[in-house]
Amino acid sequence: MFFACATVRLRAVIVVLSVFVAAANTANASPQQPPPPKIADIIVLGSNKINKTSVLATSGLKVGDPLTQDLLDKAKRQLLQTGNYGGHKTDPNDGIVIKAEIEENNAKVVIEVDENDVVRGIQITGSGPIPVKTIQNLLSTKEGLVLNMPTLQQDVVKIRNIYDEKGYQAFVDPDNVGMKDGILNIPIVVGKISNIKLTGLKKTRPFVVLREMQQKKGQYFNIAQIKRDLTAILNTDLFENVEPGFGYPPPPGNVELNLNITEKRTGTVELAVGYGSQGIVGRAGIGEKNFLGKGQEVNLSWETGGRANRNSFEVGFTEPWLDRRHTSLSINLFDKTVYRFSQQIGSLTGISNNTDDNVYFETHTGGQITVSRPFLRVYRGFVGLRFDNIRVPTLTSLNDTDLAVLQNGPIANLNLRLTHNTRDFDLEPASGGYEIFTTDIGRADLKPVTTFNGLTATGVFGVLNYQRFGIDARRYISTKGRRLNPKDKRTVFAFRMLAGTSNGTLPFSELYYVGGAETLRGYNEDRFWGSNMILGSVELRHPLANSLTGVLFTDAGDAWGGPYENVRLQGFTQHSGFSPSVGVGLGLRVVTPIGPIRIDEGFGREGAHTHFSIGHVF
C-alpha cells in the first residue's frame, strides 16, 4: 500500500516537472520571423532626360529581389553618387526619395528623383587672357545633357589648371556658379595687379624700374612674365638684387606686387699709369651707368703718352629708352690712338726694338651713332653709322710692300646688326644662348702716307667699297638649368663660334684680327689678320668663392686672306689660306668694387702670354 501511494506521488511530480520544462522551453524559444517581402514592382518618378532604365540600373534594385532597408539605402547612395540629382535642393541628399508599399508579401518600390536641369547653354565670364573658346573646349559639361555636379567640379579644376600652366592666378567664383533658365554660368576671376610698390630705391627713379616690366598695374598677373621682368631689371646692371613679395591679405582677384630692390654702385673713376711695349701711358676716366638716376650711361676717358706721344679722348652717351617701345640711342665721339699690334711692324732685318720710327699705330677721329629696338621679346635690331678719319705715322723702316698698310683717309660705315638673346642673365649667363649677326657696308678714300728712302708707296689706296658679314654664336650650359637669381653660382660650360668674311677690298684698319685677350689667348694681340676669320672657344667656368671664378679654356682660330699677305709683323707674314692655331690655358674672374677683372694665362705654339681684361671673353 505504501509503495502504491509512493508511485502515484512520483508520477505526479514527473508530470509537474514535464509541464514546467515544456513551459520553460516555450518561453525561451524565439517566435518564427516571416520572410522579407519581395520586390514586385519598381516605379520611377521625376526622370525626364535620363531614361528610367538607366535609373533602375544605377539603383541596383531588381524585381524579385528581397526588400531590405539596407538595399534601399544603398540604392539611394548609388543614385546620389551619379551627381545628376539634387541640384534644386538645399540638401542634395533630398534629391532622391525611395519608398516601399507592402501588401501581404509583395512590395512596390517608388523611386522619386529630383533630376538636375538640362544644360541648354554655357556662359563663361571673366576668362581674361585665355579665350572663352579655349575654356569651352576643356569642359566635359556639354549642352543638351543633364548638369552633372562631379563633372562640373572636375571642369572647375581643369579651368584652374590651365591658368596655372600659363602662369596666371585664377579661380571659379563658387558663390556665383550655377544654373538659371537652363544656362550654366561659370564666372572666372583672374588675378590683376592692383599695385606695384618699389622699396629700396635711393638714387634710381621709379620709372627706370617700371619701364623694364611688361607687367603693369591693372594687367593680369602672370608669374612667368614677372620672372622675365625681374631678369630684365637685373640685366640693366643697375641693381644688386630684386626680391619680389606680395601684400597680405590679397583681396580676391587682386595682387599687390612689392619689389624690394638693392642698388649697385654705378659710378666709376679710373686713374692709372702703365708701362709696356708702347712706353709710359697715363690714363684717366670717369663713368656713370645711372646718370641722374635715369638709367642713362655717360663715360669720359682720357689717355696721354705712349709711343704716339699724344692725347686721346673718348666721350660716350647712351639713352636706353627713347620711347615706349624701348628704342635706344648711343652716341660716341672719339679722338683716340689704337696700337694695333702692341708690337713693332717692319721688314728690315736686325730691328728688334720698338722705336718711335717703326711702331705702327692708328689715330681715329670721328664718331658713331647707333639706334636699336627690341622685337619678339628675344630679338633686337641695330642700325649704326660711323665716320672715322684715320691717320697713321710715317715709318722709316718699311719696304715698299709694307708701305701698303700706311693708309690715311676717311671711312664711312653703315652697321646693321641683329641679336637673339635667350640667356638667363646677360652679365653672368649659365644657360641659354646669344647670337649676333652683323653686316657692315663701308666706303673709304685712302691715300698713302708719304714716300721716303726713294720708295714709292704702292698697294691699296683710292676709293674702296666693301662689305663685311659676321656671326657670333654663344651657348651656355649648366646641369642645373636656368637660374632665377644671378647670385646662384653654377658650374658652366660656355661655347663660342665666331666667323666673318668680306666682299670688296678692306682697308687695313677694317680687317678681322685674331689673337690676344678677346679672341685667341696664348698669342700676341692681333697676331693674325685678314679678310676672313674663324674662331672657336670652349670654357669651363667653376665658382671658387663668392666673388671668384676659375676658368679652363681652349681657343682655336685664324684670320687670313686679303691684299696684305706679304706685310710682316715681328717676323711673321700674314698667310692667304686657313691655318688655325690653338691656345689653351687657365684663368680667374674676380668681382671687385670697380668691376669684374679677368686674368688669363694662355699657352700657344709661340709661347705663353698673360692677358688682363674686363669681364668674360664671351
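Strands β17 (residues 379-391) and β18 (residues 407-421) run antiparallel and are joined by twelve bridges, where two strands are said to pair if DSSP finds at least two bridges between them. Strands and helices are here DSSP runs, numbered from the N terminus, with at least two residues (E) for a strand and at least four (H or I) for a helix. Within this pairing, N389 has P410 of β18 as its bridge partner. Strand β18 is also joined to β19, again in antiparallel fashion, by 13 bridges, and A412 stands opposite R443 in β19.

The structure is a predicted model, in which local features need a pLDDT of at least 70, side-chain atom pairs count only at pLDDT 80 or more, and totals for chains, interfaces and linings use all residues. Residues are numbered from 1 along each chain as its sequence is written, and side-chain values use heavy atoms, with hydrogens and water left out.

The pLDDT, which is the predictor's confidence in each residue on a scale from 0 to 100, averages 88 for the protein, and 89% of the residues score at least 70. Confidence is highest in strand β21 (residues 492-504), at a mean of 98, and lowest in helix α1 (residues 2-28), at 38. Over residues 1-29 the pLDDT stays under 50, and the model has zero contacts there beyond four places in sequence, a contact meaning heavy atoms within 4.5 Å. Residues 346-354 also stay under 50, but for them the model has 20 such contacts. Where pLDDT is low, the predicted coordinates should not be read in detail.

The largest nonpolar core has 22 residues, and those with the most contacts inside it are Y360, V405, L406, F508, L511, W529 and Y564. Such a core is a set of buried Ala, Val, Leu, Ile, Met, Phe, Trp, Tyr and Cys residues joined through side-chain atoms within 4.5 Å; buried means under 20% relative accessible area, exposed over 50%, and partly exposed in between (1.4 Å probe, protein chains only). Strands β19 (432-448) and β20 (462-477) each supply at least two residues of this core. Another core, of 19 residues, lies apart from it and has V44, L61, A75 and V113 among its members. One aromatic cluster is formed by Y360, F508, Y513, W529 and Y564.

E510, in the loop between β21 and β22 (512-514), is buried, with a relative accessible area of 6%. Beyond four places in sequence, E510 touches R386, I411, N413, Y466 and R468, and its side chain makes a polar contact of 2.9 Å with the side chain of R386. A polar contact is a pair of N or O atoms within 3.5 Å; within protein, one must be able to donate a hydrogen and the other to accept it, and residues adjacent in sequence count only if both atoms are side-chain atoms. R490, placed in the loop between β20 and β21, likewise counts as buried, at 12% relative accessibility. The side chain of R490 reaches the backbone oxygen of G481 at 2.5 Å, and a polar contact of 2.9 Å joins the side chains of R490 and D488.

Key. Rings of Phe, Tyr and Trp (its six-membered ring) pair if their centres lie within 6.5 Å; planes under 30 degrees apart count as stacked, over 60 as edge-to-face and the rest as tilted.
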